[in-house]
Amino acid sequence: MSITLETKYLDGFVRDHEWNAIQPQVTAAHELLHSGKGPGNDFLGWVDLPVNYDKEEFARIQAAAARIQQDTDIFIAIGIGGSYLGARAAIEFLKSPNYNAKKKNTPDVYFAGNSISSTALSELLELCEGKRVSINVISKSGTTTEPAIAFRVFREYLEKTVGAEEAKTRIYVTTDKARGTLKALADREGYETVVVPDDVGGRFSVLTAVGLLPIAVAGCDIAALMAGAAKARQELDDPDMEKNPCYKYAAARNILYRKGRQVELMVSYEPCYTMMNEWWKQLYGESEGKDGKGLFPASVVFSTDLHSLGQFVQDGSNILMETVVLIDKAQKELTIKNDPENVDGLNFLTGRTMAEINEKAFEGTVLAHTDGGTPNLVLHVPSVCEEELGYLIYFFEKACAVSGYMLGVNPFDQPGVESYKKNMFALLGKPGYEAEKASLEKRLGR
Ligand code: PA5
């Protein structure tokens, strides 16, 4: 099994009878998921996606990525939430958070449409000056405001800089196969279009065209990514949590939640994992945070954040559980050299690798934090590569579904995301929202 789960740092926090008591609930959640009879069962396409994906479209994605690599300096992926986080997380994890600054023979990849900041969008436009640009607008609904605004801006930019005809060859659309204004526009203009399957929700969509096209443009092997997910699908299928680390993780977080832990802190010791944390936060936050329930997903990168949040984790309110994702093999190695003057007193580290020092930082921290009253889980990922990432993505998706069912929520809807949108549209004067506008403005004292 690719990923392993260490539960020894839960000793003293979770007792044997608690594990035994929760197994029937794990089995029930597994059956609900696999029978397709649970809430949100219209959105289970991700379960078999690693083997059932559209192979023809997959080949088109690979061909489009190869074309973009030839004719593009800057590739802009326009999307938000589930139409953004997975692609960025995968590229930063596999290639580096400094991917754009590195020497490479693939395009720079930037992300737009994930905020409404005119400063961020203007900066990106400036970066594009004099460069060959292609864009990929990604929106399942085709109506989300943030990416729609960015798409307007970049479509106009392309039409102005390369002309309407060439712009059509530089615009790639990822959206629903039949519905939505984006699909209608793509058909009218003849943009190359790839599909977000109906039965895969945004936060579960990184292994569809949503994530795969940008990930492939950055030069990652998307076939290996899918192979890793397929392996996880096969291996993480046993309802017995002692044989299935994915379910044991789901069980542990539910036990700890019921014992008063309110926040799950996802911890990594590798900066390249920062955006994976963001992807995980959306997956768990949108799937479980409903009906007044759910662990709040938060994240840190250690040892960086030991110098900011470490104090709270060690000594603050007892609301946290930590899940540590450890990459067992560093991608690049550095060894500490001897300094004849030993001015910093660090010669005791001579000959030791930074990976070893990072490991000791983890060991020291996990013991200190458990001593301080924070239960820890540790997930081991053997190395940084496409196959392991595919496995990890599927691991978290399946654990999320099972954990959500154990919590008694529908893990596949997101009713709460609509509330701010309704208010924003009303305040902006969108037709049809007149009554809400008046009442909201009164509350704002206008
Ligand atoms: O998980 C979700 O469903 C959301 O985060 C969506 O992905 C996000 O709101 C973007 O939606 P869309 O792809 O329709 O533009």
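Student: Before we start, what does contact mean here?
Tutor: Contact means heavy atoms within 4.5 Å. This is a predicted model, where local features need pLDDT of at least 70, side-chain atom pairs count only at pLDDT 80 or more, and totals for chains, interfaces and linings use all residues. Residues are numbered from 1 along each chain as its sequence is written, and side-chain values use heavy atoms, with hydrogens and water left out.

Student: Ok. What is Asn 254 in contact with, leaving aside neighbours within four places in sequence?
Tutor: Ile 22, Ser 403, Met 406 and Leu 407.

Student: And which helix is Asn 254 found in?
Tutor: Helix H11, residues 245–258. Helices (H or I, at least four residues) are DSSP runs, numbered from the N terminus.

Student: Is Asn 254 buried or exposed?
Tutor: Asn 254 counts as buried because its relative accessibility is 2%. Buried means under 20% relative accessible area, exposed over 50%, partly exposed in between (1.4 Å probe, protein chains only).

Student: What does the side chain of Asn 254 reach?
Tutor: The backbone oxygen of Ala 250, at 3.0 Å.

Student: Switching to Ala 401. Where does it lie?
Tutor: In helix H15, residues 386–407. Ala 401 is buried, because its relative accessible area is 0%.

Student: What does Ala 401 touch, not counting residues up to four places away in sequence?
Tutor: Leu 33, Trp 46, Pro 411 and Phe 412.

Student: How far apart are Ala 401 and Ala 250?
Tutor: In sequence, 151 residues; in space, 8.8 Å, C-alpha to C-alpha.

Student: Now Asn 52. Buried or exposed?
Tutor: Exposed, because Asn 52 has 57% relative accessibility. Asn 52 lies in helix H2, residues 45–52.

Student: How far apart are Asn 52 and Asn 20?
Tutor: They are 32 residues apart in sequence and 35 Å apart in space, C-alpha to C-alpha.

Student: On to the ligand. How many residues surround it?
Tutor: 13, each with a heavy atom within 4 Å of the ligand. The closest are Ser 83, Ser 139, Ser 141, Thr 144 and Gln 282.

Student: Which N or O atoms lie by its oxygen atoms?
Tutor: An N or O atom in the side chain of Ser 83 is 2.7 Å from a ligand oxygen. A polar backbone atom of Gly 82 is 3.0 Å from an oxygen atom of the ligand. For Lys 140, a backbone N or O atom lies 2.8 Å from a ligand oxygen.

Student: How much of the ligand does the protein cover?
Tutor: 88% of the 380 Å² of accessible area that the ligand has on its own. Accessible areas come from the Shrake-Rupley method with a 1.4 Å probe.

Notes
Helices (H or I, at least four residues) and strands (E, at least two) are DSSP runs, numbered from the N terminus. A polar contact is a pair of N or O atoms within 3.5 Å; within protein, one must be able to donate a hydrogen and the other to accept it, and residues adjacent in sequence count only if both atoms are side-chain atoms.
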